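I opened this entry to record what I looked up in the model.

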Amino acid sequence: MTGSLYKRLPARRTWLRALHLFMIPLFIWFLFITPDVVVPFGPRAFQFHSILALIFVTGILIWYADYLRRGLAGRPGPKLPRWGRILHRTLHLTLIWGLFFVALSGFLLGLTSDRMLKAGGFLPIAPPMDMPTLNYWIGKFHTFEYYTLGVIALVHALFHIWRHWKLRDNALRIMAPKALHRYL
């Protein structure tokens, strides 16, 4: 039974590509839309934001678990020079580990909070331990960490655009849906 189910699942690169494309808009959303921006719009807007965060963190944890089990899915490609191969691996590892630590620091925010925080409005994050000073510093770290990852993600995207245009190794086609290939 398990073997037949495994055969019916899409290939690793296929579902990782789909997860990657799904996570990009969420990553950008959380760069610009923070809880401070959402709260003035009321509880429904905050609920929506919280559900998106739960979906985003679930995607991060699935991606991270796959990485721990099978390693990096991306390969540097034969046209990349040595420095490009090193940068390729470094960027991918930094993003995977960095996003995991963003999820972990979000958990720590819930743990050090003075009240029960619920992801999506229904899933308790952690039992609140009421540690305001620690919560403040974890919050600062969580924010700094995420915006630093935003810069790293931008470098990552620019690197792959450079590869696609300068080396002509189809780096963007590997991750883009086939419907967009004619534009690349």
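**Salt bridges**

I began with Asp-169, which forms a salt bridge with Arg-163, the closest N and O atoms being 2.8 Å apart. A salt bridge here is a side-chain nitrogen of Lys or Arg within 4 Å of a carboxyl oxygen of Asp or Glu. I checked burial for this pair: Asp-169 and Arg-163 are both buried. Buried means under 20% relative accessible area, exposed means over 50%, and partly exposed lies in between, with a 1.4 Å probe and protein chains only.

I note the basis of the work. This is a predicted model, in which local features need pLDDT of at least 70 and side-chain atom pairs count only at pLDDT 80 or more, while totals for chains, interfaces and linings use all residues. Residues are numbered from 1 along each chain as its sequence is written, and side-chain values use heavy atoms, with hydrogens and water left out.

I searched the whole structure and found four salt bridges. One of them joins the side chains of Asp-66 and Arg-70, at 3.3 Å from N to O. Both residues lie in helix H4, four residues apart, about one turn of the helix. Helices are DSSP runs of H or I with at least four residues, strands are runs of E with at least two, and numbering starts at the N terminus. Asp-66 is buried at 6% relative accessible area. Arg-70 is partly exposed at 36%.

I then looked at Asp-114 and Arg-115, which form a salt bridge with the closest N and O atoms 3.6 Å apart. Asp-114 is partly exposed, with a relative accessible area of 47%. Arg-115 is exposed, at 53%. Salt bridges with shared partners also join Arg-12, Asp-66 and Arg-70 into one network.

**Pockets**

How much space lies in the largest pocket? I read about 1400 Å³. The search ran on a 1 Å grid over the protein atoms alone; a pocket is an open set of points where a 1.4 Å probe fits, with protein on both sides within 12 Å along at least five of seven lines, and lining residues have an atom within 4 Å of a point. Points are joined across faces, edges and corners, and the volume is the space filled by probe spheres set on them.

I counted 42 lining residues for the largest pocket; Pro-35, Ala-53, Gly-106, Leu-109 and His-142 lie nearest its centre. The elements giving two or more residues to this lining are helix H3 (35-38), helix H4 (43-70), helix H5 (82-112), strand S1 (118-119), strand S2 (123-124) and helix H6 (132-167). H4 supplies the largest share, ten residues. By class I get 22 nonpolar, 15 polar and five charged. Ala, Val, Leu, Ile, Met, Phe, Trp, Tyr, Cys and Pro count as nonpolar, Asp, Glu, Lys and Arg as charged, and the others, Gly among them, as polar.

The second largest pocket has about 1200 Å³. I find 44 residues in its lining, with His-20, Trp-63, His-92, His-156 and Met-175 nearest the centre. Two or more residues each come from helix H2 (12-32), H4, H5, H6 and helix H7 (171-175). The largest share here is from H2, eleven residues. This lining has 28 nonpolar, nine polar and seven charged residues.

**Core**

I turned to the largest nonpolar core, which has 20 residues. Such a core is a set of buried Ala, Val, Leu, Ile, Met, Phe, Trp, Tyr and Cys residues joined through side-chain atoms within 4.5 Å. Phe-27, Phe-56, Ile-60, Leu-99, Tyr-146 and Leu-149 have the most contacts inside it. H2, H4, H5 and H6 each give two or more residues to this core. H2 gives the most, six.

Beyond its neighbours within four places in sequence, Ile-60 is in contact (heavy atoms within 4.5 Å) with Met-23, Leu-99, Phe-100 and Ala-103.

**Loops**

Which residues does Ser-113 touch, leaving aside neighbours within four places in sequence? I list Pro-128, Met-129, Asp-130, Met-131 and Asn-135. Ser-113 sits in the loop between H5 and S1 and is buried at 7%.

Asp-130 lies in the loop between S2 and H6. Its phi is near 50°, a positive value in a residue other than glycine. I noted Arg-168 as well: its phi is positive, about 55°, although it is not a glycine. Arg-168 lies in the loop between H6 and H7 and is exposed at 60%.
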